[in-house]
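Please load the coordinates in a viewer and keep the selection panel at hand.

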Amino acid sequence: MFQEMENFEFSTELLPGLPEELGLECLSRLPCTAHRLASRVYHRWRDLLQSPDFYYHRKKLGYTQKFACLVLSFNGGTVNGPKKPGVSPSYGIAVFDSVSQRWDRLPVHRYPNGLPLFCQLASCEGKLVVMGGWDPVSYDPVTDVFIYDFMTQQWRQGKDMPSKRSFFAIGACLGRVFIAGGHDENKNALRSAWVYDLRMDEWSQLGEMSEERDECEGVEIEEDEFWVVSGYRTESQGQFDGSADVYGLKSGQWRRVEGVWEPGRCPRSCVGMGKDGKLVNWAELSPAVRVGACGISLGRRVLVTGSGYQGGPHGYYMVEMKEGQHSKLEKLDVPDEFSGCVQSGCYAEI
């Protein structure tokens, strides 16, 4: 468990002439967009701003903000290239600030032809983790793990995944990234699960789920549970199950839950948790997003993307979730370069 911020040792004043408590309060209110510049002012500010304890201190006080991070298609063959009709899209990472309505693109690390296809995103402690997928040129599965630090605006390479797996469930909480299910290089569905510790840069194996789950979806619930929803077994290709395996972060045990998902329906990127504690299918919110739906929870509001029909234009919407109901979808005006198809995504709390 992480130490409380009051135990953080200071050798000199954070802000000259102010008590440590007030100095800490002032720096806690600093917007995340100013952290990189502030870290260059004073070595104590740098150490503080990069501390996980300071991150959780800001989160406890309500000074963090959630951003949507999306694996998004960009036409033109290269991520930074112009759109060209008839050219296969490459994928990059778009970041959306729902407060300012600003869109940004993160630099793609290592891959000049775009991100690995079907790679997975997760985020914790102000960092974005990109994991797995298929090489965009050879289509071979990769075990790469890369971490983007929003404070330093730099990438670093993490320890490779223990084995090659595709279409797995992913979730993150308290500095750890959980993966489960998917399939191996021989298309065999998997029931195994692993956890990656960002600080230690180490992988640890978890117990196995109740059954194999290929093309399953991961949902993390607060700091308590990691849900692995639906999926199918090797001998049941495409026959999506209605159950879920739930991993208790405190107990370290799996439990199986029946009847939480519509059998036969693919859960990829379209599973969320409603205010009533029940799973939500984002594709059912509106006919406008019934194809290729993806939902990113940003607190009380959710960014939902999708199309009204196969091959149709991709729309972006905000919707406010309430217990037992939701408000009408509010269409967003998205810059053309960010209007491509969303493959997957997550939120990053910074």
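This is a predicted model: local features need pLDDT of at least 70, side-chain atom pairs count only at pLDDT 80 or more; totals for chains, interfaces and linings use all residues.

Beyond its neighbours within four places in sequence, leucine 121 is in contact with Cys69, Leu70, Val71, Ile93, Leu128, Val129, Val130, Ile170, Gly345 and Cys346.

Leu121 is listed with Cys69, Ile93, Leu128 and Phe150 as the residues with the most contacts inside the largest nonpolar core, which has 25 residues. Strands S1 (66-74), S2 (90-97), S5, S6 and S23 (342-349) are the elements that give two or more residues to this core. Apart from it lies another core, of 23 residues, which includes Val229, Cys270, Trp282 and Met321.

Now turn to the aromatic rings. How many aromatic pairs does a search of the whole structure find? The search finds 17. One of them joins phenylalanine 118 and phenylalanine 167: the ring centres are 4.9 Å apart and the planes stand at 45 degrees, a tilted arrangement. Phenylalanine 118 belongs to the loop between strands S3 (102-106) and S4 (120-124), and phenylalanine 167 to the loop between strands S7 (154-157) and S8 (169-173), so the pair ties together parts that are 49 residues apart in sequence. Phenylalanine 118 is partly exposed, at a relative accessible area of 30%, whereas phenylalanine 167 is buried, at 16%.

Tryptophan 134 is in the loop between strands S5 (127-131) and S6 (145-149), 33 residues from phenylalanine 167 in the loop between S7 and S8. Both tryptophan 134 and phenylalanine 167 are buried.

For the next view, select Phe74, Phe96, Trp103, Tyr316 and Phe338, which ring pairs link into a cluster. Elsewhere, lysine 66 lies over the face of tyrosine 347, at 4.4 Å from the ring centre.

Finally, select aspartate 245, in strand S14 (residues 244-248). Is aspartate 245 buried or exposed? Its relative accessibility is 1%, and under 20% counts as buried, so aspartate 245 is buried. The side chain of aspartate 245 makes a polar contact of 2.8 Å with that of arginine 213.

Conventions:
Residues are numbered from 1 along each chain as its sequence is written. Side-chain values use heavy atoms; hydrogens and water are left out. Rings of Phe, Tyr and Trp (its six-membered ring) pair if their centres lie within 6.5 Å; planes under 30 degrees apart count as stacked, over 60 as edge-to-face and the rest as tilted. Helices (H or I, at least four residues) and strands (E, at least two) are DSSP runs, numbered from the N terminus. Buried means under 20% relative accessible area, exposed over 50%, partly exposed in between (1.4 Å probe, protein chains only). A charge sits over a ring if NZ of Lys or CZ of Arg is within 6 Å of the ring centre and within 35 degrees of the ring normal. A nonpolar core is a set of buried Ala, Val, Leu, Ile, Met, Phe, Trp, Tyr and Cys residues joined through side-chain atoms within 4.5 Å. Contact means heavy atoms within 4.5 Å. A polar contact is a pair of N or O atoms within 3.5 Å; within protein, one must be able to donate a hydrogen and the other to accept it, and residues adjacent in sequence count only if both atoms are side-chain atoms.
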